[in-house]
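Please look over the model below before reading on. The questions that follow take up its fold and its aromatic rings.

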Amino acid sequence: MKFLLAFAAIVAVSLAASPADERGAVVTKFENDHKGIDGYNVAYETSNGIAGAEQAQLKTFGDDAAAIVVKGSYSYTGADGQVYTVNYVADENGFQPEAAHLPRA
């Protein structure tokens, strides 16, 4: 349920930030394979060129601690016509995006 809300929020923000002629964009592909507590795989594409994929897996940290580790990417076409892609990992070290257009620390 949390994932679906997060996905809806990402799509809503992406569409709201797009020019007015893109507000009619629709989801053209959505694949969702939940594996219960062990993780999930999801992929999506929209009619205006936004796409993403994400895989999550349960990782244990000793006898009494576990968390979902997420790896994925998303892409979109910027106002300059260039396709931007962000790859990311979210794990015990937080959200870690990597992309050519993002500044590095």
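The questions and answers below concern a predicted model.

Q: In what order do the elements of the protein run from the N terminus on?
A: The secondary structure of this predicted model comes to one helix and six strands. Read from the N terminus on, the order of these elements is α-β-β-β-β-β-β.

Q: Is the aromatic pair of Tyr74 and Tyr76 stacked or edge-to-face?
A: A pair of aromatic rings is described by the distance of the centres and the angle of the planes. The structure holds four aromatic pairs. In the one formed by Tyr74 and Tyr76, the centres are 6.5 Å apart and the planes lie at 20 degrees. Because planes under 30 degrees apart count as stacked, the pair of Tyr74 and Tyr76 is stacked.

Q: Which strand holds Tyr88, the partner of Tyr74 in a tilted pair?
A: Tyr74 and Tyr88 have their ring centres 6.3 Å apart, with 45 degrees between the planes. This pair links distant parts of the chain, as its two residues are 14 residues apart. Tyr74 belongs to strand β4 (residues 66-77), whereas Tyr88 belongs to strand β5 (residues 83-91).

Q: Does Tyr88 count as buried or exposed?
A: Tyr74, at 33% relative accessibility, counts as partly exposed, and Tyr76, at 31%, also counts as partly exposed. For Tyr88 the relative accessibility is 12%. Because buried means under 20% relative accessible area, Tyr88 counts as buried.

Q: Which residues do ring pairs link into a cluster?
A: Tyr74 forms aromatic pairs with Tyr76 and with Tyr88. The cluster that ring pairs link consists of Tyr74, Tyr76, Tyr84, Tyr88 and Phe95.

Technical notes. Residues numbered from 1 in each chain as written. Predicted model: local features only at pLDDT ≥ 70, side-chain atom pairs only at ≥ 80, totals over all residues. Heavy atoms only, no water. Helix = DSSP H or I, 4+ residues; strand = E, 2+ residues; numbered from the N terminus. Phe/Tyr/Trp six-rings, centres within 6.5 Å; stacked < 30°, edge-to-face > 60°. Buried < 20%, exposed > 50% of the residue type's maximum accessible area, 1.4 Å probe, protein only.
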